[in-house]
Amino acid sequence: MRKTRMPESVCPYCRKTLNGAASLDLASPSSGDLTVCFGCARFLQFDKNLMLAKVEESEIDQIKQKEPELYAELERFKLAIQQKNEGGDRNG
Ligand SMILES: [Zn+2]
């Protein structure tokens, strides 16, 4: 049994430090996988060092076309984060 560890990475948009694989059903994130920032609820992509990078709109469109189920899941994830962020107005 192996545990996946992701290096700590900073969101390129909001500078929130994210650690742990936040990516949905992906047991281990790999280069090119998408995830969503817990801080600002934007789409992010793992680069080749598994650091978080910005995602082009066009790339998101491609995912939408090629993997609609994955995209739907990401959207749900994103909405949940947005709701959490808007709902609980706590520090941090
Ligand atoms: Zn962010």
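Q: Which residue in E4 is the bridge partner of Val 36?
A: In E4, Phe 43 is the bridge partner of Val 36. Helices (H or I, at least four residues) and strands (E, at least two) are DSSP runs, numbered from the N terminus.

Q: Before we go on, what sort of model is it, and how are residues numbered?
A: This is a predicted model: local features need pLDDT of at least 70, side-chain atom pairs count only at pLDDT 80 or more, and totals for chains, interfaces and linings use all residues. Residues are numbered from 1 along each chain as its sequence is written.

Q: OK, back to the pairing. Do E3 and E4 pair in the parallel or the antiparallel sense, and over how many bridges?
A: E3 and E4 pair in the antiparallel sense, over 3 bridges. Two strands count as paired if DSSP finds at least two bridges between them.

Q: And how do E4 and E5 pair, over how many bridges?
A: E4 and E5 are antiparallel, with 3 bridges. Phe 46 stands opposite Leu 52 in E5.

Q: In what order do the strands sit in the sheet?
A: The order is E3-E4-E5, 3 strands in an open sheet with antiparallel pairing. E3 and strand E5 (52-54) stand at the edges with a single partner strand each, so one side of each has no neighbour in the sheet. Neighbouring strands are turned by 50 degrees against each other on average, direction ignored.

Q: Which helix packs on that sheet, and what does the helix touch?
A: H2 packs on the sheet and touches E3 and E4. The direction of H2 makes about 20 degrees with that of E3. Axes here are lines fitted to C-alpha atoms, for helices over the stretch in contact, and angles run from 0 to 180 degrees between N-to-C directions. Contact means that two residues have C-beta atoms, placed from the backbone, within 7 Å.

Q: How many residues does H2 have, and how far does the helix reach?
A: Helix H2 (residues 68-87) has 20 residues and reaches 28 Å from its first C-alpha to its last. That is close to the 28 Å expected at 1.5 Å a residue, where the expected span is 1.5 Å times one less than the number of residues.

Q: Is H2 largely buried or in the open?
A: The number of buried residues is 1 of the 20 in H2, so the helix lies largely in the open. A residue is buried if 20 or more other C-beta atoms lie within 10 Å of its own, exposed if 12 or fewer, and partly exposed in between, with C-beta atoms placed from the backbone.

Q: Which residues make up the largest nonpolar core?
A: There are 8: Leu 34, Val 36, Cys 37, Phe 43, Leu 44, Phe 46, Leu 52 and Leu 74. Strand E3 (34-36) and strand E4 (43-46) are the elements giving two or more residues to this core, and E4 gives the most, with 3. By nonpolar core I mean a set of buried Ala, Val, Leu, Ile, Met, Phe, Trp, Tyr and Cys residues joined through C-beta atoms within 7 Å.

Q: Which way do the E4 residues point?
A: Phe 43 and Gln 45 point one way, Leu 44 and Phe 46 the other, and all are buried. In a regular strand the side chains alternate between the two faces of the sheet.

Q: What does Cys 37 touch?
A: Leaving out residues up to four places away in sequence, Cys 37 touches Cys 11, Tyr 13, Cys 14, Lys 16, Leu 18, Arg 42 and Leu 44.

Q: How far is Glu 75 from Ala 41?
A: Glu 75 and Ala 41 are 34 residues apart in sequence and 9.6 Å apart in space, C-alpha to C-alpha. Glu 75 is in helix H2.
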